[in-house]
Amino acid sequence: MTPASIQLLAQYNAGMNQQMYTAAAQLPHAELAADRKAYFGSILGTMNHLLVGDTIWLRRFAGHPAAYSTLAPLLEQPPVSGLTQSFGDDLAALQAHRSRLDAVILDWSQQVTAEHLALAFPYKNIKGEAYCKHFGSLVLHFFNHQTHHRGQISTLLFQAGVDVGVTDLPAWIPMMASDSVQA
């Protein structure tokens with residue numbers, strides 16, 4: 001992980017979330033809330049889980065020795081109580097929370113340095129179990145988790161007759177001049 005890759009993934013994350021919510025808005029609430037036998041039940045349940053996971057990790061990242069100012073407000077909120085905590089039961093509520101969180105992630109991505117990424121990072125999971133892992137790898141997990149569950153949501157939407165569109169990361173990677181690419 002590099003600061004530039006974190007910024008790219010933050011932009012990709014925000015853009016894909018907007019694309020996913022726009023696609024989901026084509027379905028009525030009953031379709032979004034229907035139990036589709038996914039890990040978190042419904043499309044809305046899976047969207048909510050992404051908010052839960054992001055909030056948990058960002059609160060942990062707020063404890064980094066770098067003391068990221070953009071993450072400090074998350075520490076003023078009560079901690080997430082579990083993986084199924086609800087941030088809302090309709091698309092509008094989830095989307096509003098998602099937009100706020102994506103703005104925080106974009107701002108935070110501008111603060112992360114290579115030195116921050118290289119550190120060992122102690123944290124506790126929601127059960128209180130202590131870990132100490134490479135921070136850059138945890139940041140990679142943070143973004144990978146988002147992609148994993150967005151993939152589930154895009155499949156659920158497709159099964160409901162809605163195409164999310166192109167979701168591949170290369171669509172977000174800037175073009176380079178061919179003479180600047182080394183073989």
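Reader: Let's start with helices α1 and α5: at roughly what angle do their axes cross?

Author: Happy to begin there, with the reminder that this is a predicted model. Helix α1 covers residues 3-24 and helix α5 covers residues 91-109. Their axes come within 9 Å, and the crossing angle is roughly 170°.

Reader: Is α1 then roughly parallel or roughly antiparallel to α5?

Author: Angles over 145 degrees count as roughly antiparallel. The axes of α1 and α5 cross at roughly 170°, so the relation of α1 to α5 is roughly antiparallel.

Reader: Which residues make that contact, and how many of them are nonpolar, polar and charged?

Author: From α1 come I6, Q7, A10, Q11, N13, A14, N17, Q18, Y21 and A24. From α5 come L91, L94, Q95, R98, D102, I105, L106, W108 and S109. Sorted by class, the contact of α1 with α5 holds 10 nonpolar, seven polar and two charged residues.

Reader: What about α3 and α5: are they roughly parallel or roughly antiparallel?

Author: The axes of α3 and α5 come within 10 Å and cross at roughly 30°. Angles under 35 degrees count as roughly parallel. The two helices, α3 and α5, are therefore roughly parallel.

Reader: Which residues of α5 meet α3, and what is the hand of the crossing?

Author: On the α3 side, the contact uses L44, M47, N48, L50, L51, D54, T55, L58 and F61. On the α5 side it uses L91, L94, H97, R98, L101, I105 and W108. By class, the contact of α3 with α5 has 11 nonpolar, three polar and two charged residues. As for the hand, α3 passes α5 in a crossing that is left-handed.

Reader: Does L117 count as buried or exposed, and why?

Author: L117 sits in helix α6, residues 114-118. Leaving aside residues up to four places away in sequence, L117 touches M1, T2, P3, I6, V112, H134, F135, G136 and V139. Buried means under 20% relative accessible area. The relative accessibility of L117 is 3%, so L117 counts as buried.

Reader: Where does A67 lie, and what is its phi?

Author: A67 lies in the loop between α3 and α4 (72-75). Its relative accessible area is 53%, which means A67 is exposed. A67 is a residue other than glycine with a positive phi, near 50°.

Reader: How far apart are the end C-alpha atoms of helix α7, and what span should its residues give?

Author: Helix α7, residues 135-159, has 25 residues. At 1.5 Å a residue, α7 should span 36 Å. In agreement with that, its end C-alpha atoms are 37 Å apart.

Reader: Which glycine follows α7, and what is its phi?

Author: The glycine after α7 is G161. The phi of G161 is positive, near 95°.

Definitions and conventions. Residues are numbered from 1 along each chain as its sequence is written. This is a predicted model: local features need pLDDT of at least 70, side-chain atom pairs count only at pLDDT 80 or more; totals for chains, interfaces and linings use all residues. Side-chain values use heavy atoms; hydrogens and water are left out. Axes are lines fitted to C-alpha atoms, for helices over the stretch in contact, and angles run from 0 to 180 degrees between N-to-C directions. Helices (H or I, at least four residues) and strands (E, at least two) are DSSP runs, numbered from the N terminus. Angles under 35 degrees count as roughly parallel, over 145 as roughly antiparallel, 65 to 115 as roughly perpendicular and the rest as oblique. Contact means heavy atoms within 4.5 Å. Ala, Val, Leu, Ile, Met, Phe, Trp, Tyr, Cys and Pro count as nonpolar, Asp, Glu, Lys and Arg as charged, and the others, Gly among them, as polar. A crossing is left-handed if the near helix is turned anticlockwise from the far one by less than a right angle, and right-handed if clockwise. The expected span of a helix is 1.5 Å times one less than its number of residues. Buried means under 20% relative accessible area, exposed over 50%, partly exposed in between (1.4 Å probe, protein chains only).
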